[in-house]
Amino acid sequence: MWNSIANGSSDASVTAELPVTHGLYAKKYKGKYVQLRKNLKGAQTGLAVPKYMKNINTVDDLKNK
């Protein structure tokens, strides 16, 4: 997404720009894209696991699954 906007092969992207998740991309492509406006406020990322995966309480618990 970031590269295609920066090199002109895409005109736009409608997505959340998460400062931590996308911070490196924003820094790398600074000046090569224009953020028109924010479309989401307070967006968060997270993980969810189905009920059948018992005893999964942390990310470390997922290592061998």
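Tutor: Before we start, a word on charges: Lys and Arg count as positive and Asp and Glu as negative, while His and the chain ends are not counted. The place of a charge is NZ of Lys, CZ of Arg, CG of Asp or CD of Glu.

Student: OK, so how many positive and negative side chains does the protein have?

Tutor: There are 11 positive and 4 negative side chains, and the centres of the two sets lie 3 Å apart. Keep in mind that this is a predicted model, where local features need pLDDT of at least 70, side-chain atom pairs count only at pLDDT 80 or more, and totals for chains, interfaces and linings use all residues. Residues are numbered from 1 along each chain as its sequence is written, and side-chain values use heavy atoms, with hydrogens and water left out.

Student: Got it. How many helices and strands are there?

Tutor: The protein has 2 helices and 0 strands. Both kinds are DSSP runs numbered from the N terminus, with at least four residues (H or I) for a helix and at least two (E) for a strand.

Student: And is it spread out or compact?

Tutor: More spread out than a compact globule, because its radius of gyration is 17 Å, well over the 11 Å that the globule rule gives for 65 residues. That radius is taken over C-alpha atoms, and the rule is 2.2 Å times the number of residues to the power 0.38. The C-alpha atoms fill a box of roughly 45 × 25 × 20 Å along the principal axes.

Student: What percentage of the residues is buried?

Tutor: Buried residues make up 14% of the 65. Buried means under 20% relative accessible area, exposed over 50%, and partly exposed in between (1.4 Å probe, protein chains only).

Student: Can we look at the rings? How many aromatic pairs are there?

Tutor: The structure holds 2 aromatic pairs. Rings of Phe, Tyr and Trp (its six-membered ring) pair if their centres lie within 6.5 Å; planes under 30 degrees apart count as stacked, over 60 as edge-to-face and the rest as tilted. Tryptophan 2 and tyrosine 25 are stacked, at 6.2 Å centre to centre with 10 degrees between the planes.

Student: What about tryptophan 2 and tyrosine 33?

Tutor: Their ring centres are 5.0 Å apart and their planes sit at 85 degrees, so the pair is edge-to-face. Tyrosine 33 lies in the segment after α2 and tryptophan 2 in helix α1, so parts 31 residues apart in sequence are tied together.

Student: New topic: what does histidine 22 touch?

Tutor: Leaving out residues up to four places away in sequence, histidine 22 touches Trp2, Ala16 and Glu17, where contact means heavy atoms within 4.5 Å. Histidine 22 sits in helix α2 (residues 19–28) and is buried, at 15% relative accessible area.

Student: Last one: is lysine 65 buried or exposed?

Tutor: Lysine 65 is exposed, with a relative accessible area of 69%. Beyond its neighbours within four places in sequence, lysine 65 is in contact with Met53 and Ile56.
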